[in-house]
Amino acid sequence: MGAVTPRRPALPRKADVVVAGSGASGLTAALAAAAEGANVLLVERAEWLGGTTALSGGRVWVPCNHLIDSDTPGAAASYLDGFFDSRYRQMTETFIRTAPEMARFVERNSAHRFVVCPNYPDYNLAQPGATLGGRSLDMQPIDISRLTPLAAGILLPPGYLPISFAEWEKWRYPDQFDWGLLKERERAGIRTGGAALIAGLLDGVAKAGVRVLTGTRLTGFMRGSAELERDGQVTKVGAAAVILATGGFDWDQGLRARSQPSAQRASGASPTNTGDGLRIAQQARAMIDNMAEGWWMPMLTVPGERLLGEQFYRALIRERGLPRQIMVDGAGRRFVNEALPYNEVGKALHAARGPVHLVFDEAYRAKYPLPGVPQHGLVPDWVARAHSLTELAAVIGTDPDILTGTISRWNAACAVGTDPDFGRGGDAYQRFCGDPAIQPNPSLGPIDEAPYYAVEVLAGTIGTKGGPVTDTDGRVLDQQESPIPGLYAVGNAAAFWTADGYPGPGATLAVGMTMGYRAGRHAGQTPC
């Protein structure tokens, strides 16, 4: 579709607030600053808008939100205690207090409308204060033809389908999808998921008078100005405040190699997330923290799928909770409860020995979804395939005796409905990701119908968590823990006080948008 605008408008000489990054965190920050009366410029490095948010499911985890009445701040605090870094307890308290306010602000000031996911459980149901649903918010499908023209330039991932979470929960499997409805939505420009969240926020930002420029990269910050690069030229723009919302450093191979677990090989973040905000904060002598952590995700590669010139990686979220599949290490042994939340499986991948494969049978392929693997027709060459488990072991390089023994033990566990090794299907979250038609344990099912298949599973991220430390208003702190005048950081561009925790579906966006709201509001009303 090309760039968002056919001709680039000139850069302004100055703005009250410059926001770098067009994901949900940056858009919320720009919206909040504009609501305070600030003159706001939002720049996006790519030619497309939305960043990692546009590639995501777009759900937002908001405790005590306005669509439910059963949650309490005390329950949310009990649940998050131990999840997030205790050194930054004030950040957690601020999040619990502000997230519901942020959600109401977004609905008042944009075209986005939240829809509650009443059955989508929190990720750690053994933790006090956990809920079986209601904290995760989806969105109403949105018609971009009725919004700002900017909405036509939102980044879309390969394989995008305009399906809501409620529809997925109702249909579950591709042979039950209403394909006529989905194709009509594609023709009409109806968006769901992260693309819908971006579209609604963009419309609010445009109506609030924020200037939005694509193909414009923030390369430097000095008090009172922002350095912007466009078409190879660098321009200084006067700015009382600069808000870093540039995402993490997932695509900077050197930074990732130095900071992240060595097993990391993939990312679902936008390829423009190369650590711009981190480097700018370091140049400003900011305090840096949490560099070794990320929002972990098991992923796979579908050859030929590319995004912004880079390989696109598919996340494995609910596929691992379905029957008739397991994950094995390089020797052919199970090493984790496959149905655990993806952040926990991602941690297990860091310690797994040898290449990891998801092994499944023909009955799985015929019913359940797996990215890039059709239910009917020819199986692509990149999927390992064999008529026996012994042959499959040879194809993927595992010990045939160990692999066949592992699957024999798995099949025996499925026959009695319990997993003695890892307890798969043992809580409501795991069962939610399974097949409701399979009882007594929706997550268990034998691997016994040839041919047999395997795909390699990669350790990945949907965002890194390291960067500059901020205060509760998103102000970047220097190494003496004092605010750096005029510099803010939000979303994955900031050091997430979430440590290695992942409390529920949509927590990444919830934290980023909440801090974006606070940073934008503070920057928009406070002389810097």
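I began with Cys64, which counts as buried at 17% relative accessibility, where buried means under 20% relative accessible area, exposed over 50% and partly exposed in between, with a 1.4 Å probe and protein chains only. Before going further I noted that this is a predicted model, in which local features need pLDDT of at least 70 and side-chain atom pairs count only at pLDDT 80 or more, while totals for chains, interfaces and linings use all residues. Residues are numbered from 1 along each chain as its sequence is written, and side-chain values use heavy atoms, with hydrogens and water left out.

I then asked how far the sulfur of Cys64 is from the closest cysteine sulfur. That closest sulfur belongs to Cys117 and is 17 Å away, too far for a bond, given that a disulfide is a pair of cysteine sulfur atoms within 2.5 Å. Cys117 is in no disulfide either, its nearest cysteine sulfur being that of Cys433 at 12 Å, and Cys117 is buried at 3% relative accessibility. The count of disulfides in the structure is zero.

**Salt bridges.** I took a salt bridge to be a side-chain nitrogen of Lys or Arg within 4 Å of a carboxyl oxygen of Asp or Glu, and the structure holds 28 salt bridges. In one of them Arg59 pairs with Asp138, with 3.2 Å between the closest N and O atoms. Arg59 lies in the loop between α2 (51-55) and β3 (60-61), whereas Asp138 lies in strand β5 (residues 136-139), so this pair ties together parts that are 79 residues apart in sequence. For these labels, helices (H or I, at least four residues) and strands (E, at least two) are DSSP runs, numbered from the N terminus. Arg59 and Asp138 are both buried.

I next looked at Arg135 and Asp71, whose side chains meet in a salt bridge at 2.8 Å, N to O. Since Arg135 is in the loop between β4 (114-116) and β5, and Asp71 in the loop between β3 and α3 (73-80), the pair ties together parts that are 64 residues apart in sequence. Arg135 is buried at 1% relative accessibility, and Asp71 is buried with a relative accessible area of 12%.

Are the partners of the salt bridge between Arg89 and Asp81 buried or partly exposed? Their N to O distance is 3.4 Å; Arg89 is partly exposed at 41% relative accessibility, and Asp81 is partly exposed at 40%. I also noted a network of salt bridges that links Arg45, Arg217, Asp252, Asp276 and Arg279.

**Aromatic rings.** Rings of Phe, Tyr and Trp (its six-membered ring) pair if their centres lie within 6.5 Å, with planes under 30 degrees apart counted as stacked, over 60 as edge-to-face and the rest as tilted. By this rule I have 23 aromatic pairs. Phe95 and Trp497 make a tilted pair, 6.2 Å from centre to centre and with 55° between the planes. Phe95 belongs to helix α4 (residues 89-109) and Trp497 to the loop between β22 (483-489) and α15 (507-525), so the pair ties together parts that are 402 residues apart in sequence. Phe95 is buried at 1% relative accessibility, and Trp497 is buried with a relative accessible area of 4%. Both residues belong to a cluster linked by ring pairs, together with Trp61, Tyr79, Phe83 and Phe84.

I also checked where a charge sits over a ring, which requires NZ of Lys or CZ of Arg within 6 Å of the ring centre and within 35 degrees of the ring normal. The charged end of Arg172 sits over the ring of Phe432, 5.1 Å from its centre, and Arg318 lies over the face of Trp168, at 4.2 Å from the ring centre.

**Helix α4.** The 21 residues of α4 should span 30 Å, and its end C-alpha atoms are 30 Å apart, which agrees.

Definitions and conventions. The expected span of a helix is 1.5 Å times one less than its number of residues.
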